[in-house]
Amino acid sequence: AVGCGSAPTSIPEATAEPTPSPEAVIARAGFKLLELRSAAFTLEHQTGSTTLLPGLAMKKATGVVGIPDRLRLTVEAEVAAPRTIVEINVITIGEQAYMTDLFSEQWRTVPSESLPVNFLDFGQTLASIIEAVSGPSFSGVEDIEGLQYQRVTGTVPSDALAPLVPGAAEGLEVELELWLNPEAALLRRVLITGPVLAGDVPETVRLLSIDDINVPVDIAPPE
């Protein structure tokens, strides 16, 4: 007798998750940035500089921000004549702002609106910048600290960068490359290529790096 075997059961193929579009990845990261509580950051010029005052150009800014109203920042700037590198330190706590004097390096109280740069609204600022990106497309993948980040390239109008780059001009088109982790909706790098200020050289390149996301920060008044 021929045994009657049961018909083999077909196993349905797993349906691959659709790859999110660059627009969707940016939108998720924008929502996540609005929830940002604290972060460390570095804004450095790979080429060029940002003029803060006549004869004073920022090369690099590093700091930590505790949203909504605490900031500790160090600006490395170049004085044109005599050509020297100086450091300007800034602390902001609520309505109170402190900055070191350019020459004596002593702390003094200053009006917050007189600060050369202001990263207090860091999450909101970054969210508004990446949401202004036009024509985004995936440009590669990179590993940062064990997580894979999609690189997304697009363009923004220069004035969209005004909260990040003081005195940003109007009417210039700037290329932006974003390092975004789709799963965690994290933004870790922003590469800004091209002039943002009217006085920028054509080959100006700025890189913003974001680290220690939501790691608590302790920012106290200067002693």
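Helices α1 and α2 are roughly antiparallel to each other, a label for angles over 145 degrees, while angles under 35 count as roughly parallel, 65 to 115 as roughly perpendicular and the rest as oblique. Helix α1 spans residues 22–34 and helix α2 residues 122–131. Their axes come within 8 Å and cross at roughly 165°. An axis here is a line fitted to C-alpha atoms, for helices over the stretch in contact, and angles run from 0 to 180 degrees between N-to-C directions. The contact is made by I26, A29, G30, L33 and L34 of α1 and by G123, Q124, L126, A127, I130 and E131 of α2. Contact means heavy atoms within 4.5 Å. Seven of these residues are nonpolar, three polar and one charged. Ala, Val, Leu, Ile, Met, Phe, Trp, Tyr, Cys and Pro count as nonpolar, Asp, Glu, Lys and Arg as charged, and the others, Gly among them, as polar.

This is a predicted model, in which local features need pLDDT of at least 70, side-chain atom pairs count only at pLDDT 80 or more, and totals for chains, interfaces and linings use all residues. Residues are numbered from 1 along each chain as its sequence is written, and side-chain values use heavy atoms, with hydrogens and water left out. Helices (H or I, at least four residues) and strands (E, at least two) are DSSP runs, numbered from the N terminus.

Now turn to the backbone. Most residues other than glycine have a negative phi, and most peptide bonds are trans. Two prolines here follow cis bonds. P68 lies in the loop between β3 (56–66) and β4 (70–79). The bond from A81 to P82 is also cis, with omega near -10°. P82 sits in the loop between β4 and β5 (84–93).

Which phi does A185 have? A185 has a positive phi of about 55°, although it is not a glycine. A185 is found in the loop between β10 (173–181) and β11 (186–193). A185 is buried, at 6% relative accessible area. Buried means under 20%, exposed over 50%, and partly exposed in between (1.4 Å probe, protein chains only). N214 has a positive phi too, near 60°. N214 lies in the segment after β12 and is partly exposed, at 39%.

P222 lies in the segment after β12 (205–211). At 21% relative accessibility, P222 counts as partly exposed. Leaving aside neighbours within four places in sequence, P222 is in contact with I91, Y98 and W107. P222 and M99 are 123 residues apart in sequence and 9.3 Å apart in space, C-alpha to C-alpha.
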